[in-house]
Amino acid sequence: MNWIKACLPSTHSTSTLSQLMNQVLNATVQRTADHAAPEITLDPLEIVGGEIPSSENTYFCQAARQLACVPSSQLCVKLASGGDPTYAFNIRFTGEEVHGTSGSFRHFLWQVCKELQSSALSLLLPCPSVAANRNKGKYILTPCPISYAEEQLLHFFGQLLGIAIRADVPLPLDLLGSFWKGLVGEPLDPEQDLQEADLLTYNYVKKIESVSEEDDLEALCAEISSQHHSGESPDSPSRPCCTFTYITMTGEEVELCQGGHNLSVSWENKDVYARAVRGLRLQELQNVECMTAVRAGLGSIIPLQLLTMLSPLEVELRTCGLPYINLEFLKAHTMYQVGLMETDQHIEFFWTALEMFTQEELCKFIKFACNQERIPFTCPCKDGGPDTAHVPPYPMKIAPSDGAAGSPDSRYIRVETCMFMVKLPQYSSLDVMLEKLRYSIHYREDPLSG
(Lines give C-alpha, C1' and ligand atoms only; values in the text may rest on other atoms or scores of the structure.)
Protein backbone atom coordinates (compact mmCIF):
# COMPACT_ATOMS: atom_id res chain seq x y z
CA MET A 1 0.00 0.00 0.00
CA ASN A 2 2.95 2.37 -0.34
CA TRP A 3 1.33 3.65 -3.51
CA ILE A 4 -1.15 5.56 -1.31
CA LYS A 5 1.59 7.92 -0.17
CA ALA A 6 2.97 8.15 -3.68
CA CYS A 7 -0.44 9.33 -4.94
CA LEU A 8 -0.69 12.00 -2.27
CA PRO A 9 -0.01 15.53 -3.59
CA SER A 10 2.67 17.52 -1.82
CA THR A 11 0.15 20.26 -1.12
CA HIS A 12 -3.24 18.77 -0.44
CA SER A 13 -6.56 20.09 0.73
CA THR A 14 -9.04 18.25 2.88
CA SER A 15 -11.23 17.61 -0.17
CA THR A 16 -8.29 16.11 -2.09
CA LEU A 17 -7.51 13.84 0.84
CA SER A 18 -11.15 12.85 1.08
CA GLN A 19 -11.32 12.00 -2.62
CA LEU A 20 -8.14 9.93 -2.43
CA MET A 21 -9.38 8.13 0.67
CA ASN A 22 -12.67 7.37 -1.06
CA GLN A 23 -10.85 5.95 -4.07
CA VAL A 24 -8.77 3.67 -1.85
CA LEU A 25 -11.82 2.50 0.11
CA ASN A 26 -13.72 1.67 -3.07
CA ALA A 27 -10.66 -0.09 -4.45
CA THR A 28 -10.48 -2.33 -1.37
CA VAL A 29 -14.09 -3.58 -1.47
CA GLN A 30 -14.18 -7.30 -0.75
CA ARG A 31 -17.89 -8.14 -0.73
CA THR A 32 -19.18 -8.25 -4.27
CA ALA A 33 -22.72 -7.67 -5.48
CA ASP A 34 -23.44 -11.40 -5.80
CA HIS A 35 -22.95 -11.92 -2.06
CA ALA A 36 -25.90 -11.21 0.23
CA ALA A 37 -25.29 -8.92 3.17
CA PRO A 38 -24.93 -10.64 6.56
CA GLU A 39 -28.00 -10.21 8.73
CA ILE A 40 -28.23 -10.01 12.49
CA THR A 41 -31.29 -10.09 14.73
CA LEU A 42 -31.46 -7.81 17.74
CA ASP A 43 -33.93 -8.13 20.58
CA PRO A 44 -34.81 -4.73 22.13
CA LEU A 45 -36.39 -6.51 25.10
CA GLU A 46 -33.03 -7.95 26.15
CA ILE A 47 -31.89 -4.43 27.05
CA VAL A 48 -34.81 -3.59 29.32
CA GLY A 49 -36.31 -6.95 30.15
CA GLY A 50 -33.42 -9.31 30.65
CA GLU A 51 -33.64 -11.42 33.78
CA ILE A 52 -30.02 -10.59 34.56
CA PRO A 53 -29.15 -7.04 33.43
CA SER A 54 -25.64 -7.10 32.04
CA SER A 55 -23.48 -5.81 29.22
CA GLU A 56 -24.26 -9.01 27.32
CA ASN A 57 -27.81 -7.74 26.75
CA THR A 58 -26.70 -4.58 24.93
CA TYR A 59 -27.09 -4.16 21.16
CA PHE A 60 -23.30 -3.88 21.04
CA CYS A 61 -22.74 -7.32 22.57
CA GLN A 62 -25.66 -8.93 20.74
CA ALA A 63 -24.17 -7.76 17.45
CA ALA A 64 -20.60 -8.70 18.42
CA ARG A 65 -21.68 -12.28 19.17
CA GLN A 66 -23.55 -12.70 15.91
CA LEU A 67 -20.89 -11.09 13.71
CA ALA A 68 -17.98 -12.93 15.34
CA CYS A 69 -18.31 -15.77 12.82
CA VAL A 70 -18.71 -13.45 9.80
CA PRO A 71 -15.43 -12.94 7.88
CA SER A 72 -14.39 -9.31 7.99
CA SER A 73 -14.14 -9.37 4.19
CA GLN A 74 -17.94 -9.58 4.08
CA LEU A 75 -18.16 -6.27 5.95
CA CYS A 76 -15.91 -4.39 3.50
CA VAL A 77 -18.40 -2.78 1.12
CA LYS A 78 -18.25 0.16 -1.25
CA LEU A 79 -18.80 3.64 0.10
CA ALA A 80 -22.42 4.56 0.61
CA SER A 81 -23.70 6.96 -2.04
CA GLY A 82 -27.01 8.15 -3.45
CA GLY A 83 -29.91 5.79 -3.87
CA ASP A 84 -30.22 2.70 -1.70
CA PRO A 85 -26.78 2.38 -0.07
CA THR A 86 -25.04 -0.91 0.64
CA TYR A 87 -24.21 -1.37 4.30
CA ALA A 88 -21.91 -3.85 6.02
CA PHE A 89 -24.83 -5.85 7.41
CA ASN A 90 -28.59 -5.74 7.71
CA ILE A 91 -30.45 -5.59 10.99
CA ARG A 92 -33.74 -7.14 11.97
CA PHE A 93 -35.39 -6.11 15.22
CA THR A 94 -37.41 -8.80 16.95
CA GLY A 95 -41.08 -7.84 17.08
CA GLU A 96 -40.65 -4.78 14.86
CA GLU A 97 -41.99 -4.44 11.33
CA VAL A 98 -39.24 -2.43 9.68
CA HIS A 99 -39.31 -1.51 6.02
CA GLY A 100 -35.95 -0.88 4.37
CA THR A 101 -32.49 -1.28 5.84
CA SER A 102 -31.01 2.20 6.25
CA GLY A 103 -33.11 3.44 9.16
CA SER A 104 -32.54 0.37 11.32
CA PHE A 105 -28.80 0.32 10.51
CA ARG A 106 -28.39 3.97 11.49
CA HIS A 107 -30.47 3.46 14.61
CA PHE A 108 -28.23 0.55 15.60
CA LEU A 109 -25.07 2.67 15.30
CA TRP A 110 -26.70 5.43 17.35
CA GLN A 111 -27.76 2.98 20.05
CA VAL A 112 -24.35 1.30 20.41
CA CYS A 113 -22.69 4.70 20.77
CA LYS A 114 -25.08 5.44 23.64
CA GLU A 115 -24.17 2.09 25.21
CA LEU A 116 -20.44 2.63 24.80
CA GLN A 117 -20.70 5.99 26.56
CA SER A 118 -22.69 4.67 29.50
CA SER A 119 -22.25 2.32 32.42
CA ALA A 120 -23.76 -0.50 30.34
CA LEU A 121 -20.31 -1.26 28.92
CA SER A 122 -16.87 -0.81 30.46
CA LEU A 123 -14.77 -0.32 27.32
CA LEU A 124 -14.76 3.48 27.66
CA LEU A 125 -14.10 5.60 30.74
CA PRO A 126 -15.29 9.17 31.37
CA CYS A 127 -12.40 11.61 31.08
CA PRO A 128 -10.90 12.15 34.59
CA SER A 129 -10.77 15.92 33.95
CA VAL A 130 -14.53 16.00 34.48
CA ALA A 131 -13.66 16.13 38.20
CA ALA A 132 -12.16 19.55 37.47
CA ASN A 133 -15.21 20.56 35.40
CA ARG A 134 -13.33 20.15 32.14
CA ASN A 135 -13.98 18.00 29.06
CA LYS A 136 -17.31 16.87 30.41
CA GLY A 137 -18.83 14.16 28.22
CA LYS A 138 -15.47 13.09 26.77
CA TYR A 139 -14.27 9.48 27.00
CA ILE A 140 -11.06 7.48 26.78
CA LEU A 141 -10.37 3.76 26.46
CA THR A 142 -10.56 2.20 29.91
CA PRO A 143 -6.93 1.62 30.98
CA CYS A 144 -6.69 -1.82 32.55
CA PRO A 145 -5.56 -5.34 31.64
CA ILE A 146 -8.12 -6.98 29.38
CA SER A 147 -9.46 -10.49 29.08
CA TYR A 148 -9.78 -12.33 25.77
CA ALA A 149 -13.52 -11.53 25.72
CA GLU A 150 -12.81 -7.81 26.23
CA GLU A 151 -10.15 -7.92 23.51
CA GLN A 152 -12.77 -9.30 21.11
CA LEU A 153 -15.20 -6.52 22.03
CA LEU A 154 -12.51 -3.88 21.45
CA HIS A 155 -11.78 -5.53 18.10
CA PHE A 156 -15.49 -5.22 17.24
CA PHE A 157 -15.43 -1.58 18.37
CA GLY A 158 -12.61 -0.95 15.88
CA GLN A 159 -14.62 -2.70 13.17
CA LEU A 160 -17.58 -0.42 13.87
CA LEU A 161 -15.36 2.62 13.38
CA GLY A 162 -14.39 1.31 9.94
CA ILE A 163 -17.95 0.29 9.11
CA ALA A 164 -19.17 3.80 9.94
CA ILE A 165 -16.49 5.33 7.70
CA ARG A 166 -17.55 3.16 4.76
CA ALA A 167 -21.22 3.91 5.45
CA ASP A 168 -20.52 7.64 5.93
CA VAL A 169 -22.65 7.60 9.08
CA PRO A 170 -20.96 9.92 11.63
CA LEU A 171 -20.91 8.23 15.02
CA PRO A 172 -22.07 10.32 18.01
CA LEU A 173 -18.94 9.41 19.97
CA ASP A 174 -17.12 12.00 22.06
CA LEU A 175 -13.61 10.65 22.49
CA LEU A 176 -10.69 12.65 23.80
CA GLY A 177 -8.02 13.77 21.35
CA SER A 178 -5.52 11.31 22.83
CA PHE A 179 -7.69 8.44 21.54
CA TRP A 180 -7.43 9.68 17.95
CA LYS A 181 -3.68 10.22 18.33
CA GLY A 182 -3.31 6.61 19.45
CA LEU A 183 -5.46 5.42 16.56
CA VAL A 184 -3.23 7.09 13.94
CA GLY A 185 -0.02 6.22 15.83
CA GLU A 186 0.91 9.78 16.79
CA PRO A 187 2.82 10.19 20.09
CA LEU A 188 1.11 11.94 22.96
CA ASP A 189 2.15 15.37 24.17
CA PRO A 190 3.26 14.94 27.83
CA GLU A 191 1.93 18.39 28.69
CA GLN A 192 -1.16 19.02 26.55
CA ASP A 193 -2.62 15.51 26.55
CA LEU A 194 -2.13 15.02 30.29
CA GLN A 195 -3.73 18.40 30.97
CA GLU A 196 -6.75 17.56 28.79
CA ALA A 197 -7.21 14.07 30.20
CA ASP A 198 -6.57 14.63 33.92
CA LEU A 199 -6.27 18.25 34.95
CA LEU A 200 -6.03 17.43 38.67
CA THR A 201 -3.07 15.10 38.18
CA TYR A 202 -1.47 17.62 35.80
CA ASN A 203 -1.75 20.37 38.42
CA TYR A 204 -0.46 18.02 41.13
CA VAL A 205 2.62 17.14 39.10
CA LYS A 206 3.22 20.82 38.39
CA LYS A 207 3.02 21.62 42.10
CA ILE A 208 5.59 18.93 42.93
CA GLU A 209 7.90 20.13 40.15
CA SER A 210 7.66 23.79 41.11
CA VAL A 211 8.18 23.46 44.89
CA SER A 212 11.20 25.60 45.75
CA GLU A 213 11.55 24.96 49.48
CA GLU A 214 11.77 21.71 51.40
CA ASP A 215 9.22 22.97 53.94
CA ASP A 216 6.75 23.65 51.11
CA LEU A 217 7.20 20.09 49.85
CA GLU A 218 6.54 18.73 53.33
CA ALA A 219 3.35 20.81 53.60
CA LEU A 220 2.20 19.60 50.19
CA CYS A 221 2.86 15.97 51.10
CA ALA A 222 0.92 16.40 54.33
CA GLU A 223 -2.03 17.87 52.43
CA ILE A 224 -2.06 15.08 49.86
CA SER A 225 -1.61 12.41 52.52
CA SER A 226 -4.58 13.68 54.50
CA GLN A 227 -6.76 13.76 51.38
CA HIS A 228 -5.99 10.27 50.10
CA HIS A 229 -4.50 8.04 52.76
CA SER A 230 -2.55 8.22 55.95
CA GLY A 231 1.11 7.59 55.60
CA GLU A 232 4.05 8.02 57.92
CA SER A 233 7.65 8.64 57.12
CA PRO A 234 9.82 5.62 58.04
CA ASP A 235 12.44 8.07 59.30
CA SER A 236 9.99 10.16 61.35
CA PRO A 237 6.85 8.16 62.22
CA SER A 238 4.92 11.19 63.52
CA ARG A 239 5.22 13.07 60.20
CA PRO A 240 2.74 12.30 57.39
CA CYS A 241 4.27 11.79 53.95
CA CYS A 242 3.69 10.77 50.36
CA THR A 243 5.07 7.51 49.06
CA PHE A 244 5.85 6.36 45.53
CA THR A 245 2.27 5.27 44.90
CA TYR A 246 -0.58 6.84 42.96
CA ILE A 247 -4.23 6.18 42.12
CA THR A 248 -4.93 4.88 38.62
CA MET A 249 -7.74 6.24 36.47
CA THR A 250 -9.82 3.24 37.50
CA GLY A 251 -9.33 4.00 41.20
CA GLU A 252 -6.64 1.50 42.24
CA GLU A 253 -3.56 2.44 44.22
CA VAL A 254 -0.39 1.20 42.48
CA GLU A 255 3.30 1.43 43.18
CA LEU A 256 5.25 3.73 40.89
CA CYS A 257 8.38 1.63 41.39
CA GLN A 258 9.29 -1.59 43.10
CA GLY A 259 8.80 -1.13 46.82
CA GLY A 260 7.02 2.17 46.22
CA HIS A 261 4.79 1.75 49.28
CA ASN A 262 7.89 1.97 51.46
CA LEU A 263 9.66 4.75 49.58
CA SER A 264 8.88 8.26 50.82
CA VAL A 265 8.84 11.31 48.57
CA SER A 266 11.70 13.55 49.65
CA TRP A 267 13.39 16.71 48.52
CA GLU A 268 16.04 14.63 46.77
CA ASN A 269 13.65 12.40 44.77
CA LYS A 270 10.63 14.67 44.22
CA ASP A 271 11.41 15.14 40.52
CA VAL A 272 11.71 11.39 40.04
CA TYR A 273 8.32 11.03 41.74
CA ALA A 274 6.72 13.71 39.53
CA ARG A 275 8.04 12.02 36.38
CA ALA A 276 6.72 8.67 37.61
CA VAL A 277 3.21 10.06 38.21
CA ARG A 278 3.21 11.70 34.78
CA GLY A 279 4.52 8.50 33.23
CA LEU A 280 1.74 6.43 34.81
CA ARG A 281 -0.96 8.68 33.38
CA LEU A 282 0.61 8.80 29.92
CA GLN A 283 0.92 5.02 29.93
CA GLU A 284 -2.76 4.77 30.82
CA LEU A 285 -3.68 7.20 28.04
CA GLN A 286 -1.59 5.34 25.46
CA ASN A 287 -3.26 2.12 26.62
CA VAL A 288 -1.28 0.06 24.13
CA GLU A 289 -3.03 -3.25 24.78
CA CYS A 290 -6.54 -1.87 24.22
CA MET A 291 -5.55 0.38 21.32
CA THR A 292 -3.86 -2.54 19.56
CA ALA A 293 -7.15 -4.45 19.65
CA VAL A 294 -9.10 -1.45 18.33
CA ARG A 295 -6.61 -0.86 15.51
CA ALA A 296 -6.74 -4.53 14.56
CA GLY A 297 -10.51 -4.31 14.24
CA LEU A 298 -10.34 -1.09 12.24
CA GLY A 299 -7.63 -2.58 10.01
CA SER A 300 -9.91 -5.49 9.11
CA ILE A 301 -12.35 -3.00 7.51
CA ILE A 302 -10.16 -0.23 6.07
CA PRO A 303 -6.42 -0.15 5.23
CA LEU A 304 -4.59 1.25 8.25
CA GLN A 305 -2.12 2.92 5.88
CA LEU A 306 -4.89 5.44 5.16
CA LEU A 307 -4.50 6.76 8.68
CA THR A 308 -0.94 7.88 7.96
CA MET A 309 -2.37 10.43 5.49
CA LEU A 310 -4.64 12.05 8.03
CA SER A 311 -4.21 14.01 11.23
CA PRO A 312 -5.98 12.79 14.39
CA LEU A 313 -8.57 15.57 13.93
CA GLU A 314 -9.22 14.57 10.31
CA VAL A 315 -9.75 10.95 11.34
CA GLU A 316 -12.14 12.08 14.07
CA LEU A 317 -14.12 14.23 11.64
CA ARG A 318 -14.30 11.41 9.10
CA THR A 319 -15.50 8.97 11.77
CA CYS A 320 -17.69 11.15 14.00
CA GLY A 321 -18.46 14.26 11.99
CA LEU A 322 -19.32 17.47 13.77
CA PRO A 323 -21.42 17.42 16.95
CA TYR A 324 -23.70 20.17 15.68
CA ILE A 325 -26.15 20.68 12.84
CA ASN A 326 -25.48 23.31 10.17
CA LEU A 327 -28.98 24.37 9.12
CA GLU A 328 -27.81 26.22 6.03
CA PHE A 329 -26.03 23.10 4.79
CA LEU A 330 -29.11 20.99 5.58
CA LYS A 331 -31.39 23.43 3.76
CA ALA A 332 -29.09 23.31 0.72
CA HIS A 333 -29.46 19.51 0.72
CA THR A 334 -33.25 19.37 0.96
CA MET A 335 -35.71 18.40 -1.77
CA TYR A 336 -39.40 19.32 -1.87
CA GLN A 337 -41.75 16.71 -3.25
CA VAL A 338 -45.25 16.42 -4.72
CA GLY A 339 -45.54 20.08 -5.67
CA LEU A 340 -44.21 21.57 -2.43
CA MET A 341 -41.97 24.63 -2.67
CA GLU A 342 -39.55 26.31 -0.28
CA THR A 343 -41.74 29.43 -0.37
CA ASP A 344 -44.86 27.63 0.91
CA GLN A 345 -45.95 29.16 4.20
CA HIS A 346 -45.77 25.96 6.26
CA ILE A 347 -42.31 25.22 4.83
CA GLU A 348 -41.18 28.65 5.96
CA PHE A 349 -42.68 27.92 9.39
CA PHE A 350 -40.70 24.68 9.42
CA TRP A 351 -37.32 26.31 8.79
CA THR A 352 -38.06 29.20 11.17
CA ALA A 353 -38.93 26.69 13.89
CA LEU A 354 -35.67 24.81 13.35
CA GLU A 355 -33.76 28.07 13.57
CA MET A 356 -35.31 28.56 17.02
CA PHE A 357 -34.15 25.13 18.20
CA THR A 358 -31.13 24.57 20.40
CA GLN A 359 -28.37 22.34 19.03
CA GLU A 360 -29.60 19.56 21.33
CA GLU A 361 -33.08 19.86 19.82
CA LEU A 362 -31.68 19.92 16.28
CA CYS A 363 -29.76 16.69 16.93
CA LYS A 364 -32.98 15.13 18.24
CA PHE A 365 -34.81 16.28 15.12
CA ILE A 366 -32.19 14.67 12.89
CA LYS A 367 -32.43 11.48 14.96
CA PHE A 368 -36.22 11.56 14.60
CA ALA A 369 -36.06 12.15 10.85
CA CYS A 370 -33.32 9.74 9.75
CA ASN A 371 -32.26 7.73 12.82
CA GLN A 372 -28.80 9.23 13.19
CA GLU A 373 -27.82 12.10 15.42
CA ARG A 374 -25.05 13.57 13.28
CA ILE A 375 -25.02 14.11 9.54
CA PRO A 376 -22.06 14.47 7.17
CA PHE A 377 -20.85 18.04 6.80
CA THR A 378 -19.58 17.53 3.25
CA CYS A 379 -21.23 16.10 0.16
CA PRO A 380 -19.93 15.78 -3.43
CA CYS A 381 -23.05 17.40 -4.83
CA LYS A 382 -22.12 20.70 -3.20
CA ASP A 383 -19.38 21.05 -5.80
CA GLY A 384 -21.75 20.58 -8.70
CA GLY A 385 -21.81 16.79 -8.68
CA PRO A 386 -24.93 14.91 -9.76
CA ASP A 387 -27.72 14.03 -7.35
CA THR A 388 -26.47 10.45 -7.42
CA ALA A 389 -23.36 11.73 -5.63
CA HIS A 390 -25.39 12.57 -2.54
CA VAL A 391 -23.99 11.10 0.66
CA PRO A 392 -26.74 9.29 2.58
CA PRO A 393 -28.94 10.27 4.25
CA TYR A 394 -28.92 13.39 2.02
CA PRO A 395 -30.99 14.81 0.58
CA MET A 396 -33.63 15.42 3.22
CA LYS A 397 -37.05 15.23 1.58
CA ILE A 398 -40.09 17.19 2.66
CA ALA A 399 -43.39 15.78 1.47
CA PRO A 400 -47.07 16.42 2.22
CA SER A 401 -48.64 14.57 5.13
CA ASP A 402 -50.51 11.32 4.60
CA GLY A 403 -54.28 11.57 4.19
CA ALA A 404 -56.48 14.62 3.82
CA ALA A 405 -59.14 14.13 6.49
CA GLY A 406 -59.46 16.59 9.35
CA SER A 407 -57.67 19.81 10.16
CA PRO A 408 -53.92 19.85 9.41
CA ASP A 409 -53.33 21.25 12.92
CA SER A 410 -54.66 18.01 14.40
CA ARG A 411 -52.18 15.83 12.53
CA TYR A 412 -48.71 14.77 13.57
CA ILE A 413 -45.46 14.80 11.66
CA ARG A 414 -44.49 11.42 10.24
CA VAL A 415 -41.14 10.35 8.87
CA GLU A 416 -39.66 7.59 6.75
CA THR A 417 -36.24 7.27 8.31
CA CYS A 418 -34.63 5.17 5.57
CA MET A 419 -35.37 7.92 3.05
CA PHE A 420 -34.85 10.89 5.40
CA MET A 421 -38.36 11.98 4.45
CA VAL A 422 -40.41 14.32 6.62
CA LYS A 423 -44.15 14.26 5.94
CA LEU A 424 -45.19 17.72 7.04
CA PRO A 425 -48.83 18.83 7.55
CA GLN A 426 -49.75 22.36 6.47
CA TYR A 427 -49.82 23.81 9.97
CA SER A 428 -51.56 27.16 10.27
CA SER A 429 -48.97 28.98 12.38
CA LEU A 430 -45.40 28.98 13.61
CA ASP A 431 -46.62 28.19 17.13
CA VAL A 432 -48.36 25.02 15.95
CA MET A 433 -45.28 24.01 13.95
CA LEU A 434 -43.07 24.44 17.02
CA GLU A 435 -45.47 22.46 19.20
CA LYS A 436 -45.71 19.54 16.76
CA LEU A 437 -41.97 19.43 16.06
CA ARG A 438 -41.13 19.42 19.76
CA TYR A 439 -43.70 16.70 20.39
CA SER A 440 -42.14 14.63 17.61
CA ILE A 441 -38.56 14.87 18.79
CA HIS A 442 -39.33 14.28 22.47
CA TYR A 443 -41.95 11.54 22.27
CA ARG A 444 -40.99 9.72 19.08
CA GLU A 445 -37.25 9.45 19.65
CA ASP A 446 -36.72 5.99 18.21
CA PRO A 447 -38.84 5.51 15.07
CA LEU A 448 -37.82 2.38 13.20
CA SER A 449 -40.29 2.35 10.34
CA GLY A 450 -39.21 3.53 6.94
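**A walk through the predicted model**

Tyr-412 sits in the loop that runs between strand 8 (396–400) and strand 9 (414–416). Tyr-412 is partly exposed, its relative accessible area being 47%. Together with Tyr-439 and Tyr-443, Tyr-412 makes a nonpolar surface patch of about 380 Å².

Further along the chain comes a position marked in a database. In an unreviewed UniProt entry, the annotation "active site" covers Cys-418. Cys-418 is found in the loop between strand 9 and strand 10 (421–424). Is Cys-418 buried or exposed? Its relative accessibility is 18%, and because the cut-off for buried is under 20%, Cys-418 counts as buried.

Helix 16 covers residues 359–370. From the first C-alpha to the last, its 12 residues reach 16 Å, close to the 16 Å expected at 1.5 Å a residue. How much of helix 16 is buried? Nine of the 12 residues are, so the helix is largely enclosed by the rest of the structure. After helix 16 comes Asn-371, which has a positive phi, near 65 degrees.

Glu-361 also takes part in a salt bridge. Its partner is Arg-438, and the closest N and O atoms of the two are 2.9 Å apart. Arg-438 belongs to helix 17 (residues 430–443) and Glu-361 to helix 16, so this pair ties together parts that lie 77 residues apart in sequence.

The structure holds 15 salt bridges. One of them joins the side chains of Lys-206 and Glu-191, at 3.2 Å from N to O. Lys-206 lies in helix 9 (residues 199–210), while Glu-191 is in the loop between helix 7 (177–184) and helix 8 (192–197), so the pair ties together parts 15 residues apart in sequence. Both are partly exposed, Lys-206 with a relative accessible area of 29% and Glu-191 with 30%.

Glu-191 has a salt bridge with Arg-278 too, where the closest N and O atoms are 3.3 Å apart. That pair links distant parts of the chain, since Arg-278 is in helix 11 (residues 270–286), 87 residues away from Glu-191. Arg-278 counts as buried, at 10% relative accessibility. Which residues do salt bridges with shared partners join into one network? They are Glu-191, Lys-206, Glu-209 and Arg-278.

The last stop is Leu-109, in helix 5 (residues 102–116). With 1% relative accessibility, Leu-109 counts as buried. What is Leu-109 in contact with, leaving aside its neighbours within four places in sequence? The contacts are Leu-160, Val-169 and Leu-171. Pro-170 is 61 residues from Leu-109 along the chain, and the C-alpha atoms of the two are separated by 9.1 Å.

Notes:
Residues numbered from 1 in each chain as written. Predicted model: local features only at pLDDT ≥ 70, side-chain atom pairs only at ≥ 80, totals over all residues. Heavy atoms only, no water. Patch = residues over 30% accessible without salt bridge, like charges linked within 9 Å, V, L, I, M, F, W, Y side chains within 5 Å. Areas by Shrake-Rupley, 256 points an atom, 1.4 Å probe, with all protein chains shown as cover. Salt bridge = Lys/Arg side-chain N within 4 Å of Asp/Glu carboxyl O. Helix = DSSP H or I, 4+ residues; strand = E, 2+ residues; numbered from the N terminus. Buried < 20%, exposed > 50% of the residue type's maximum accessible area, 1.4 Å probe, protein only. Expected span 1.5 Å × (residues − 1). UniProt positions renumbered as here; feature names shortened; annotations may be inferred. Contact = heavy atoms within 4.5 Å.
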